Amino acid sequence: EDDEVCLLNTYAKSKYQGEIEVLSNFSKSLICRTNFFGYGPPHKLSFSDWIIKSCLANKRIILFNDVFISPLCGKNLALTSLELLKLNCKGIYNLSSDDTISKYAFGILLCNLLGISNSNIKSGSINSRKDLIQRPNSMALSNLKAIKELNKDFGKVSKQILDIK
């Protein structure tokens, strides 16, 4: 939450500017930074929905082995945000799993834990995708501030996946 911010693209800049505006105008606000997964609406698949749907349809997908995340399932994001609100927390909190995983390893683990074949998931590098806007290789977050505030761990990515079942 207190690390120096490195803004690589317009999306990151707009998110950060939003945080600054909110805290400037409403100093008692709670801002939750996260990367989360879970079931999304049918018209816009979430990252995990896309992996599941692709694997069930035997569609080959490439997931990056050099992009790292610390995802939290959507249900736990909502519950944890509510806990922080009830404690009248304010400022920026990172809400994430307790470990870091590559997007490729996440896809493999997701399918394994949900009993879905992962044979169509292939490993790739973001560096080979010259068509993409520059993105960070790590979107992993440290959740130590929230752990301390709530006096509890969030659980590893495997627990997060099991919590969406």
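Predicted model: local features only at pLDDT ≥ 70, side-chain atom pairs only at ≥ 80, totals over all residues.
Reader: Where in the chain is Asp66 placed, and which residues does Asp66 touch?

Author: Asp66 has its place in the loop between β3 and β4, the latter being residues 68-69. Leaving aside residues up to four places away in sequence, Asp66 touches Gly124, Ser125, Ile126, Asn127 and Asn137. With one of these, Asn127, there is a polar contact between side chains, at 3.5 Å.

Reader: How do I read the overall order of elements? How many helices and strands does the chain have?

Author: Count them, then follow the order. The chain has six helices and eight strands. Starting from the N terminus, the order is α-β-β-α-β-β-β-α-β-β-α-β-α-α.

Reader: What does the radius of gyration say about the chain?

Author: The value is set against what a compact globule would have. For 165 residues that would be near 15 Å, and the chain has 17 Å, which agrees. The C-alpha trace spans about 50 × 35 × 30 Å along its principal axes.

Reader: What share of the residues counts as buried, and what share of the contacts joins residues at least 24 apart?

Author: Of the 165 residues, 38% count as buried. Take the contacts between residues at least 6 apart in sequence: 81% of them join residues at least 24 apart.

Reader: Now a single helix. Which residues of α2 are buried, and what covers them?

Author: Helix α2 covers residues 47-56, and its buried residues are Ser48, Asp49, Ile51, Ile52, Ser54 and Cys55. The cover over the buried residues of α2 includes β2 (36-37), β3 (61-64), α4 (103-114) and β8 (121-124).

Reader: What backbone feature comes just after α2?

Author: A positive phi. Just after α2, Asn58 takes a phi of about 55°, although Asn58 is not a glycine. Asn58 is in the loop between α2 and β3. With a relative accessible area of 57%, Asn58 is exposed.

Reader: What is the phi of Asn151, and where is Asn151 placed?

Author: Asn151 has a positive phi of about 55° and is not a glycine. Its place is in the loop between α5 and α6. Asn151 counts as exposed, at 71% relative accessibility.

Reader: How many salt bridges does the search find?

Author: Three. In one of them, Glu19 pairs with Arg33, with 2.7 Å between the closest N and O atoms. This pair links distant parts of the chain: Glu19 lies in helix α1 (residues 10-25) and Arg33 in strand β1 (residues 30-34), 14 residues apart. Both Glu19 and Arg33 are buried.

Reader: Which side chain meets that of Glu83 in a salt bridge?

Author: That of Lys152, at 2.9 Å from N to O. This pair also links distant parts of the chain, with Glu83 in helix α3 (residues 74-86) and Lys152 in the loop between α5 (144-150) and α6 (157-162), 69 residues apart. Glu83 is partly exposed, with 27% relative accessible area, and Lys152 is partly exposed as well, with 33%.

Reader: Which residue forms a salt bridge with Lys159?

Author: Asp163 does, the closest N and O atoms being 2.5 Å apart. Lys159 counts as partly exposed, at 37% relative accessibility.

Technical notes:
Residues numbered from 1 in each chain as written. Heavy atoms only, no water. Salt bridge = Lys/Arg side-chain N within 4 Å of Asp/Glu carboxyl O. Helix = DSSP H or I, 4+ residues; strand = E, 2+ residues; numbered from the N terminus. Buried < 20%, exposed > 50% of the residue type's maximum accessible area, 1.4 Å probe, protein only. Rg over C-alpha atoms; globule rule 2.2 N^0.38 Å. Contact = heavy atoms within 4.5 Å. Polar contact = N/O pair within 3.5 Å; in protein donor to acceptor, adjacent residues only side chain to side chain.
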